[in-house]
Amino acid sequence: MPYSGSTVDGDVVLVTGGGTGIGAAIAERFTTEGARVVITGRRPEPLREIAERIGATPLVSDAGNAADAKSTLRTVLEMYGRIDTLVCNAGGPGFAAVGDTSDDDWATAVHANLNTTFVMTREFLPALIESRGRIVVISSLSGLFAGPSMAAYTAAKHALIGLTKSLARDYGAHGVRVNTICPGWIRTPMADEEMDELVAANVFSSRESAYEAVTVDLPLGRAGAPAEVAAVARFLGSAESSYITGATIVADGGAHIVDLPTLAFEKARG
């Protein structure tokens, strides 16, 4: 379908993991522009807080559970009759090296970071085919590169990119577009916790100094804001991106273009 304008006013959008961080920012961006937004998550308190603030509908649900996903779909269709954009943002743990990862830890990480997207897209596909809708998958820079002691998280985030490509390949003929966003360091509660771990380990004196250290070699030299990722999600979840599918959009301040072995030369030049 050719580009037909930028409005998302009146669209029905569902955001998994919508109670905090990037998911909450995406939900807010769509509601601000008139979309009817449903946010899901496993914790009722943050969902209710965000929903009340931005005017979204909260649904307590585990996106990786098939029964929950089916129930969520029924509720959305009962409320609005259709779904236009599904944003798969739910994620979770997986921060250990392979040798330190138990079977249960691996299963938990894969469930939170991969199964949530697989299950929701599978259940919502018939409705998205009917509306010729969009799927926006939130992966991570860890979907392209490996950080230290992040085996399960990294594997699952890489798999999300493969899943996006498979979905785009199989369902493009049905009018469904599927794209991935890979954020880098974004100031979210999850990232704050990681910075605080560095402070607790006496590596840095404050959360702010930790953020400065992990972003010092980025071309933009700073961490991003959730709203900056939300802007990309809004683009991919609208007609503005009508000829884009199967793509991986990186929102990382330029981290992915830095040639790490050359950093020493740059620092040597002062």
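Biologist: Which side chains are joined by a polar contact of 3.5 Å?

Modeller: Those of Asn-113 and Lys-157. A polar contact here is a pair of N or O atoms within 3.5 Å; within protein, one must be able to donate a hydrogen and the other to accept it, and residues adjacent in sequence count only if both atoms are side-chain atoms. Keep in mind that this is a predicted model: local features need pLDDT of at least 70, side-chain atom pairs count only at pLDDT 80 or more, and totals for chains, interfaces and linings use all residues. Residues are numbered from 1 along each chain as its sequence is written, and side-chain values use heavy atoms, with hydrogens and water left out.

Biologist: OK, and where is Asn-113 found?

Modeller: In helix H4, residues 103-131. Helices (H or I, at least four residues) and strands (E, at least two) are DSSP runs, numbered from the N terminus.

Biologist: Is Asn-113 buried or exposed?

Modeller: Buried, with a relative accessible area of 0%. Buried means under 20% relative accessible area, exposed over 50%, partly exposed in between (1.4 Å probe, protein chains only).

Biologist: Which backbone nitrogen lies 2.9 Å from a polar atom of the Asn-113 side chain?

Modeller: The one of Gly-92. Asn-113 also touches Gly-91, Pro-93, Tyr-153, Ala-156 and Leu-160, among others, leaving aside residues up to four places away in sequence. Contact means heavy atoms within 4.5 Å.

Biologist: Switching to strand S1: how many of its residues are buried?

Modeller: 5 of its 5. Val-12, Leu-14 and Thr-16 sit on one side, Val-13 and Val-15 on the other.

Biologist: What does S1 pair with?

Modeller: S1 runs parallel to S2, joined by 5 bridges, and Val-15 has Ile-39 as its bridge partner in S2. Getting from S1 to S2, the chain goes through H1 in a right-handed β-α-β crossover (with the strands pointing away from the viewer, the path from the first strand over the helix to the second runs clockwise). S1 is also parallel to strand S4, residues 85-88, with 3 bridges. Two strands pair if DSSP finds at least two bridges between them.

Biologist: Which residues touch the most other members in the largest nonpolar core?

Modeller: Val-15, Ile-26, Val-37, Ile-39 and Ile-181, out of 27 residues. Such a core is a set of buried Ala, Val, Leu, Ile, Met, Phe, Trp, Tyr and Cys residues joined through side-chain atoms within 4.5 Å.

Biologist: Which element gives the largest share?

Modeller: H1, with 6 residues.
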